[in-house]
Amino acid sequence: MDNTNQDDDAAQPLANLVGSNVRELRQELGLTLSQVATELRSLGANWSTGRLGDIEAGRGKPSVEVVLLLSLALTQASEEHIISPQALLDAEGPVALTPKAVLKPESFNRLVSEGLSDLTLGDTVDGAERLQTAVGSASEIMGTVQRISGAPLTIGQYSTLYSSIGLSDQRAAKKLGLSEAEYLGWCRKLWGHVMSVEVAKRAPADATPQKKGRITRELLAELRTAIGAGHGHDS
């Protein structure tokens, strides 16, 4: 849409891309902020015009949930047009997922429409320069995870493991004095996935925060025991 500059320096943050697309589509459909916010509330989302305005200004976080809700709300409010999630993610210029992960527009649009199956670092604006470093770093991390867990690790398994890391996992790794790779290795050895996933598996559906806290402490103790035993075998 409006993001036409191809320079890396002019790469548009994802939040700005979604925001500008939402604003442009809303205006093209002749809808007000209030009308779209009303549709969002009818979908069970507690949105105000102010929050919607923040999204349009690029001040929100365009999660999958947010993009889907916005596409549904725009579709319902327009009554005669179908606004797909892809329309809210349409890019004509480079898109910055982070300051270091800048995708070319054609690669970003392919990612949105087809998924990750064929996307590589070569699709980033500076991919050629970063590829060798990234491969070496990933290989080193995967080697550590595989060594600690004691089981072969494929790229797909590593991707699943790594993408599951949450804030609670980061805190646990810090509390245990482990690097990210070491934490992933010990979690995989014990449970096959990170601690936050194991907490969700062990906690009943109606578990209170206190109950989840107790489970987390139990799992931390399991990790400490395993790490201590592992270090004992190494000595």
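Predicted model: local features only at pLDDT ≥ 70, side-chain atom pairs only at ≥ 80, totals over all residues.
Local features need pLDDT of at least 70 and side-chain atom pairs count only at pLDDT 80 or more, while totals for chains, interfaces and linings use all residues. Residues are numbered from 1 along each chain as its sequence is written, and side-chain values use heavy atoms, with hydrogens and water left out.

A search of the whole structure finds four salt bridges. A salt bridge is a side-chain nitrogen of Lys or Arg within 4 Å of a carboxyl oxygen of Asp or Glu. One of them joins the side chains of Glu56 and Arg26, at 2.6 Å from N to O. Glu56 lies in helix H3 (residues 49–56) and Arg26 in helix H1 (residues 14–28), so this pair ties together parts that are 30 residues apart in sequence. Helices are DSSP runs (H or I, at least four residues), numbered from the N terminus. Glu56 is buried, with a relative accessible area of 7%. Arg26 is buried as well, at 10%. Here buried means under 20% relative accessible area, exposed means over 50%, and partly exposed lies in between (1.4 Å probe, protein chains only).

Another salt bridge links the side chains of Asp54 and Arg59, at 2.8 Å from N to O. Asp54 is partly exposed, with a relative accessible area of 31%. Arg59 counts as exposed, at 59%.

Arg202 forms a salt bridge with Glu222, and the closest N and O atoms are 2.9 Å apart. Arg202 lies in helix H11 (residues 195–202) and Glu222 in helix H12, so the pair ties together parts that are 20 residues apart in sequence. Arg202 is partly exposed, with a relative accessible area of 35%. Glu222 is also partly exposed, at 29%. Salt bridges that share partners join Glu198, Arg202 and Glu222 into one network.

Helix H12 (residues 209–234) also supplies the largest share of a positive surface patch, with four residues. The patch is formed by Lys175, Lys211, Arg214, Arg217 and Arg224. Patches are made of residues with over 30% relative accessible area and no salt bridge, and like charges are joined within 9 Å. Lys and Arg count as positive. The place of a charge is taken as NZ of Lys or CZ of Arg. Accessible areas come from the Shrake-Rupley method with a 1.4 Å probe. Lys211 has its place in helix H12. At 32% relative accessibility, Lys211 counts as partly exposed.

A search of the whole structure finds one aromatic pair. The rings of Tyr158 and Tyr162 have their centres 5.8 Å apart and their planes at 35 degrees, so the pair is tilted. Rings of Phe, Tyr and Trp (its six-membered ring) pair if their centres lie within 6.5 Å; planes under 30 degrees apart count as stacked, over 60 as edge-to-face and the rest as tilted. Both tyrosines, Tyr158 and Tyr162, lie in helix H8 (residues 155–163), four residues apart, about one turn of the helix. Tyr158 is buried, with a relative accessible area of 12%. Tyr162 is partly exposed, at 39%.

Ser84 is placed in the loop between helix H4 (64–78) and helix H5 (85–88). At 27% relative accessibility, Ser84 counts as partly exposed. Ser84 and Leu72 are 12 residues apart in sequence and 7.9 Å apart in space, C-alpha to C-alpha.

Methods:
Patch = residues over 30% accessible without salt bridge, like charges linked within 9 Å, V, L, I, M, F, W, Y side chains within 5 Å. Helix = DSSP H or I, 4+ residues; strand = E, 2+ residues; numbered from the N terminus.
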